[in-house]
Amino acid sequence: MRVVMLTRPHCQQCAMMKRILGDRVEYADASERPDLTALTKYTSLPVFIVLDDTGACRGSFYGAMPLTEYERRLGLYESR
């Protein structure tokens, strides 16, 4: 499973999440990836797209959060 975090250069919450997550996720500029933005209903950044091993979207979540909350939310997709 992999996670892509959609960001924008001006997004302060995205910058904070990049510091928290480091290399745990892949990063993509939301304006350059309309294919990924189409997979989610969220409009606030950062958006986390959860993809399975085949590249299919398993779900998404959004917002700034501590690492423990990120791991909890990601765990909801791992148990499916």
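**Note on the predicted model: sheet, cores and selected residues**

1. Beyond its neighbours within four places in sequence, Val-3 is in contact with Val-25, Glu-26, Phe-48, Ile-49, Val-50, Tyr-70 and Leu-74. The model is predicted, and every point below should be read that way.

2. Val-3 belongs to the largest nonpolar core, which has 14 residues. Val-3, Met-5, Leu-21, Phe-48, Phe-61 and Tyr-70 are the members that touch the most others. Four elements each supply at least two residues of this core: strand S1 (2-7), helix H1 (12-21), strand S3 (47-51) and helix H3 (67-78). As a general point, nonpolar side chains in soluble globular proteins tend to be buried together.

3. Next, the sheet. It is open, with four strands in the order S2-S1-S3-S4 and mixed pairing. Strand S2 (26-29) and strand S4 (57-62) stand at the edges. Each has a single partner strand, so one side of each is left without a neighbour in the sheet. From one strand to the next, the twist averages 25°.

4. The pairing of S1 with S3 is antiparallel and has five bridges. Within it, Leu-6 has Val-47 of S3 as its bridge partner.

5. How covered is S3? It is mostly covered, with five of its five residues buried. Val-47, Ile-49 and Leu-51 point one way from the strand. Phe-48 and Val-50 point the other way. In general, the side chains of a regular strand alternate between the two faces of the sheet.

6. Five bridges join the two strands, which run antiparallel. Leu-51 has Cys-57 of S4 as its bridge partner. The hairpin of S3 and S4 has five residues between the strands. There, Gly-55 takes a positive phi near 95°.

7. Which residue makes a polar contact with the side chain of Ser-60? The partner is the side chain of Thr-40, at 2.9 Å. Thr-40 is placed in the loop between helix H2 (34-37) and S3, while Ser-60 is in strand S4. Buried means under 20% relative accessible area. Thr-40, at 14% relative accessibility, therefore counts as buried. Ser-60, at 12%, counts as buried too.

8. The surroundings of this pair deserve a look. Residues up to four places away in sequence are not counted here. Thr-40 touches Val-47, Ile-49 and Ser-60. Ser-60 touches Thr-40, Tyr-42, Phe-48, Ile-49 and Tyr-77. Ile-49 is itself a buried residue of S3.

9. On the cysteines: how many disulfides are there? The count comes to zero. Cys-11 counts as buried at 12% relative accessibility. Cys-14 is buried as well, with a relative accessible area of 1%.

10. Last, Leu-76, which lies in helix H3. Is Leu-76 buried or partly exposed? At 43% relative accessibility, Leu-76 counts as partly exposed. Leu-76 and Tyr-62 are 14 residues apart in sequence. In space they are 14 Å apart, C-alpha to C-alpha.

Key
Residues numbered from 1 in each chain as written. Predicted model: local features only at pLDDT ≥ 70, side-chain atom pairs only at ≥ 80, totals over all residues. Heavy atoms only, no water. Core = buried A, V, L, I, M, F, W, Y, C linked by side-chain atoms within 4.5 Å. Buried < 20%, exposed > 50% of the residue type's maximum accessible area, 1.4 Å probe, protein only. Contact = heavy atoms within 4.5 Å. Disulfide = S-S within 2.5 Å. Pairing = 2+ DSSP bridges. Axes fitted to C-alpha atoms, helices over the stretch in contact; angles between N-to-C directions. Polar contact = N/O pair within 3.5 Å; in protein donor to acceptor, adjacent residues only side chain to side chain.
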